[in-house]
Amino acid sequence: MTAVLRAEGLWKSFGEQPVLRGVSLELSRHEVVALIGASGSGKSTLLRCLNLLEGIDDGRILLGDQDISDPRVDADRVRSRLGTVFQSYNLFPHLSVLDNVTLASRVVRRMPRRDAEERGRALLDRVGLGAFAGEHPDRLSGGQQQRAALARALATDPDVLLLDEITSALDPELVGEVLGLVRQLAEDGATILMATHEMAFARDVAHRVVFLDEGRVLEEGPPAQVFGAPREARTREFLTRFR
Ligand code: ADP
Ligand code: MG
């Protein structure tokens, strides 16, 4: 079976500092993979390379059978197939929630406004924000903003969701509603690669856990194995911080 998304030997440096050192990773359709690792291990850089916000120095990225690391690809179009949500500051503040959700469909996919809005409203209903379509993002709580950002990421019906610590900037009481939505998306069959420090959630929802250490995949496997019986000393050491 072909992977939905496959990274092969990715290298990335900032100046003299190598941040990704030969990262290979594969996502199958409907698979949920949790990317864990210490702060600075390269999780965000990896996700940003995968959706072409950063260029790579070496390696290859395949989305389906398309080599998206080829510099000739249309990056906006590729990004519309990789729905991405970051830690914070996701939404355009000057646009309504509905316009945030429909923007990529209208501009990148050239969907007629009426169709895009119909789909956008359905997505906002799905994330529990149907009543907020006309509001500006600053009227929403942090949790609601992240749910709107998830709706926006889903609007172009992406092949993969890339989630970069989407609950870390939230007040603790707002984390649950966002994780609950991610869980729902996973149960509905979304293909998800998520960088996270929510270990209990990763253990529960992910099919596979990838531990990134200093820009390398040091260990990966089913959550029960990586969390329950990590092979590498550095994985064990990292995980004790969450006990
Ligand atoms: P993580 O998400 O796991 O915390 P990052 O990918 O954000 O890790 O960062 C990995 C390393 O790359 C860090 O040392 C960070 O300082 C560095 N880094 C990330 N982005 C940049 C950038 N745009 N310019 C220079 N260094 C960067
Ligand atoms: Mg990060």
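## Ligand 1 and its shell

Ligand 1 is surrounded by Phe14, Val19, Gly37, Ser39, Gly40, Ser41, Gly42, Lys43, Ser44 and Thr45, a residue being near a molecule if its C-beta atom, placed from the backbone, lies within 6 Å of it. The model is predicted: local features need pLDDT of at least 70, side-chain atom pairs count only at pLDDT 80 or more, and totals for chains, interfaces and linings use all residues. Residues are numbered from 1 along each chain as its sequence is written, while chains are lettered from A and ligands numbered from 1 in the order in which they are written.

Helix 1 (residues 43-50) supplies the largest share of this shell, 3 residues. Helices (H or I, at least four residues) and strands (E, at least two) are DSSP runs, numbered from the N terminus. By class, the shell around ligand 1 holds 2 nonpolar, 7 polar and 1 charged residues; Ala, Val, Leu, Ile, Met, Phe, Trp, Tyr, Cys and Pro count as nonpolar, Asp, Glu, Lys and Arg as charged, and the others, Gly among them, as polar.

## Annotated domain

An unreviewed UniProt entry places the feature "domain: ABC transporter" at residues 5-239; UniProt positions are given in the numbering used here, feature names are shortened, and annotations may be inferred rather than shown by experiment. Residues 5-239 are 38% helix and 25% strand, and the end C-alpha atoms of the span lie 27 Å apart.

## Helix 3 with helix 4

The axes of helix 3 (residues 97-107) and helix 4 (residues 113-126) cross at roughly 130 degrees and come within 9 Å. Axes are lines fitted to C-alpha atoms, for helices over the stretch in contact, and angles run from 0 to 180 degrees between N-to-C directions. Helix 3 and helix 4 are therefore oblique to each other; angles under 35 degrees count as roughly parallel, over 145 as roughly antiparallel, 65 to 115 as roughly perpendicular and the rest as oblique.

Residues in this contact (C-beta atoms, placed from the backbone, within 7 Å) include Val97, Leu98 and Val101 of helix 3 and Ala116, Leu123 and Leu124 of helix 4. The contact of helix 3 with helix 4 has 6 nonpolar, 3 polar and 5 charged residues.

## Helix 5 and its partners

Helix 3 also packs with helix 5 (residues 142-154), at an angle of about 30 degrees and with the axes 7 Å apart. That angle makes helix 3 roughly parallel to helix 5. Val97, Asn100 and Val101 of helix 3 meet Ala148, Ala151 and Arg152 of helix 5, a contact of 4 nonpolar, 1 polar and 1 charged residues.

Helix 5 and helix 6 (residues 172-187) pack at about 15 degrees, their axes 8 Å apart, which makes helix 5 roughly parallel to helix 6. Gly142, Gly143, Gln146, Arg147 and Leu150 of helix 5 contact Leu174, Glu177, Val178 and Leu181 of helix 6. The residues of this contact comprise 4 nonpolar, 3 polar and 2 charged.

Key:
Two residues are in contact if their C-beta atoms, placed from the backbone, lie within 7 Å.
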